[in-house]
Amino acid sequence: MHYAGRAQSNAPARVDMRSDTVTRPTPAMLDAMMAAEVGDDVYGDDPTVNALQERAAKLLGKEAALFVSSGTQSNLCGMLAHCQRGEEILTGDEYHVFIDEAGGASVLGGIMFAPMPTSEDGGIDPDAISRTVKPDDEHCAVSKLLTLENTCAGRVVPLQRIHDAARRGREHGLSIHFDGARLMNACVALGVSPAEMLAEVDTVSLCLSKGLGAPAGSVLAGPKDFIRRAHRVRKLVGGGMRQIGGLAAAGLYALENHVDRLADDHANARRLAERLAPHPHLKVDPDGVQSNMVFVGIPDGAAKPMQQHLADRGILINAGGPNIRLVTHLDCGADEVDLFVEEIQSFFA
Ligand SMILES: Cc1ncc(COP(=O)(O)O)c(C=O)c1O
């Protein structure tokens with residue numbers, strides 16, 4: 001998601017639909033953060049970080065996990081721990097690691113990306129993987145890693161598609177990394193466990209600070225030897241942090257309390273789409289809403305004036321072009337959806 005800049009306004013924000021990253025910790029989460037036992041995590045001494053890592057590894061069905069500062073850092077540590085210079089990562093051309101992470105694996109790791117077409121459903125066709133893997137030829141980079149993503153721009157990639165792509169990658173000798181920034185949204189939407197979703201992948205990054213509502217942090221999970229390498233990479237990129245038990249406590253709280261409620265975000269996104277669909281100037285398909293994101297086609301030239309009109313009424317959206325993304329989350333429920341619909345009607349009126 002590219003940032004479209006914030007409209008200037010003095011109105012207090014009443015509704016923020018820019019992303020699910022904008023949530024503030026709930027009072028109960030803040031209590032958990034305040035109560036956290038802490039220690040120096042670079043020494044491995046922070047008991048709350050250790051508890052989060054153990055909890056996350058178990059939940060994700062992997063041997064070990066590492067707490068990192070962000071989703072970008074998590075994917076970066078993962079890619080650098082999987083690949084050496086001159087190796088190559090196969091990924092979707094719409095996937096975050098390829099378009100939205102400043103090319104970190106290439107910049108810092110000398111690793112190439114081989115983008116493949118992202119399918120309508122957000123998945124990757126197994127045959128595209130077979131076509132893209134390089135032969136064992138001195139002219140070519142060495143194909144090493146396949147990265148998948150779910151959800152992908154709000155789309156929930158079906159379980160079978162994830163498994164099929166991962167198996168095909170494995171047949172070609174690739175390791176498999178899964179960008180699960182919104183893994184829990186996908187799991188809740190499909191009614192499957194994270195371990196089931198991740199059964200065919202080696203490593204996974206899960207964000208705690210998106211729909212799950214923690215103020216920061218992601219976990220990277222995988223085999224023990226991989227996590228040992230990722231630990232070194234985390235240090236290399238300046239991601240070794242000290243008394244961060246408070247943040248880990250927020251993550252633990254989110255895993256315990258904010259997973260099942262993602263279904264509410266999905267229902268509210270659907271409500272939003274259904275209420276916008278009859279509007280003559282807007283194009284939106286309620287049946288296309290699969291998780292917490294709604295994409296709305298708006299008239300040419302409307303993006304900036306609409307963004308300003310809404311900002312003046314305390315409603316924040318990202319509006320870069322003729323298709324805007326609206327996101328529901330912990331701080332954007334049914335009341336906020338209804339307020340948004342009213343104000344968008346006032347714009348067109
Ligand atoms: C699919 C996906 N992966 C990774 C990230 C990176 O997360 P962060 O913003 O915490 O670096 C994002 C952020 O929006 C994302 O949407």
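Student: In this predicted model, at what angle do helix 2 and helix 11 pack, and how far apart are their axes?

Tutor: Good place to start! Two packed helices are described by the angle between their axes and the distance between the axes. For helix 2 (residues 47–60) and helix 11 (residues 245–257), the angle is about 30 degrees and the axes are 8 Å apart.

Student: Is helix 2 roughly parallel or roughly antiparallel to helix 11?

Tutor: Angles under 35 degrees count as roughly parallel. The angle here is about 30 degrees, so helix 2 and helix 11 are roughly parallel.

Student: Which class of residue leads in the contact of helix 2 with helix 11, and how many residues does it have?

Tutor: Let's look at who takes part. Helix 2 brings P47, T48, V49, A51, L52, R55 and L59, while helix 11 brings G245, A248, A249, G251, L252 and L255. By class, one is charged, three are polar and nine are nonpolar. The answer is nonpolar, with nine.

Student: Is the crossing of helix 12 and helix 14 left-handed or right-handed?

Tutor: Helix 12 (residues 262–276) packs on helix 14 (residues 334–348) at about 20 degrees, with axes 10 Å apart. That angle makes helix 12 roughly parallel to helix 14. As for its hand, the crossing of helix 12 and helix 14 is right-handed.

Student: Which helix gives the most residues to the shell around the ligand?

Tutor: The ligand has 11 residues around it, and S70, G71, T72, H96 and A181 come nearest. By class, the shell has six polar, three nonpolar and two charged residues. The helix that gives the most, with three residues, is helix 3 (residues 71–82).

Methods: Residues are numbered from 1 along each chain as its sequence is written. This is a predicted model: local features need pLDDT of at least 70, side-chain atom pairs count only at pLDDT 80 or more; totals for chains, interfaces and linings use all residues. Axes are lines fitted to C-alpha atoms, for helices over the stretch in contact, and angles run from 0 to 180 degrees between N-to-C directions. Helices (H or I, at least four residues) and strands (E, at least two) are DSSP runs, numbered from the N terminus. Angles under 35 degrees count as roughly parallel, over 145 as roughly antiparallel, 65 to 115 as roughly perpendicular and the rest as oblique. A crossing is left-handed if the near helix is turned anticlockwise from the far one by less than a right angle, and right-handed if clockwise. A residue is near a molecule or strand if its C-beta atom, placed from the backbone, lies within 6 Å of it. Ala, Val, Leu, Ile, Met, Phe, Trp, Tyr, Cys and Pro count as nonpolar, Asp, Glu, Lys and Arg as charged, and the others, Gly among them, as polar. Two residues are in contact if their C-beta atoms, placed from the backbone, lie within 7 Å.
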